[in-house]
Amino acid sequence: MAAPTAKAEPLLPSAPVVGKLALAFINGEAVIPTDRELAMLNAWIEAEFRQIPVPVCFTAQDIDLPEMLTTLRSTGELLISIAHNDHPFLEGFGNAKFRAVHDWHHVVTGADSTFAGELATFEHAAQHAPSEIRWLLFSEIVLQAAACVATGRFQPQKLVRMPGM
């Protein structure tokens with residue numbers, strides 16, 4: 001009888017790694033994206049938003065991921081919060097659409113709201129995004145999540161570019 005093969009477990013970031021990413025965001029210099037990068041980001045958000053195959057409903061209430069998933073299962077609608085929707089670079093409804101895209105990525109990847117789940121949604125987004133804007137997505141998703149996990153609260157919005165990105 002053959003020995004059972006071990007299933008490869010995904011590599012999960014350790015607390016020191018999350019802490020380093022959090023500090024990179026908190027202490028990192030705010031970077032202003034180029035007009036080209038912003039145009040690419042907005043075009044990517046719009047294209048991804050149009051691919052969401054269910055109705056998207058926006059609400060002024062804070063909605064966490066479990067509540068969004070419950071609403072999706074019961075109504076077939078993706079309920080997205082527009083509370084605290086200010087963003088330094090995404091204008092108008094752009095940030096709300098980005099939230100919808102990001103939450104839809106949680107749905108399609110089965111990712112939870114832990115740091116590992118946020119990392120999974122980034123990896124999914126990065127596979128579908130132009131390479132020029134992956135640093136923006138990394139800052140928006142991974143670095144912000146690390147800072148939130150490390151401090152227990154969302155930090156002031158900014159974009160931080162990690163070396164090599």
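**Figure 1. Glutamate 37 in helix α2 of the predicted model.** Glutamate 37 is part of helix α2, which covers residues 35-50; the structure shown is a predicted model. The relative accessible area of glutamate 37 is 10%, and because buried means under 20%, this residue counts as buried. A polar atom of the glutamate 37 side chain lies 2.9 Å from the backbone nitrogen of threonine 34.

**Figure 2. Surroundings of glutamate 37.** When neighbours within four places in sequence are left aside, glutamate 37 is in contact with Glu132, Ile133, Trp135, Leu136 and Arg161.

**Figure 3. The buried and exposed residues of helix α3.** Helix α3 comprises residues 65-75, and Leu65, Met68, Thr71 and Leu72 are buried in this helix. Viewed down the axis of α3, the buried residues fall within an arc of 125 degrees, so they line one face of the helix. Arg73 and Ser74, on the other side of α3, are exposed.

Figure 4. Just after α3 comes glycine 76, which takes a positive phi of about 80 degrees.

How values were computed:
Residues numbered from 1 in each chain as written. Predicted model: local features only at pLDDT ≥ 70, side-chain atom pairs only at ≥ 80, totals over all residues. Heavy atoms only, no water. Buried < 20%, exposed > 50% of the residue type's maximum accessible area, 1.4 Å probe, protein only. Helix = DSSP H or I, 4+ residues; strand = E, 2+ residues; numbered from the N terminus. Arc of directions from axis to C-beta. Polar contact = N/O pair within 3.5 Å; in protein donor to acceptor, adjacent residues only side chain to side chain. Contact = heavy atoms within 4.5 Å.
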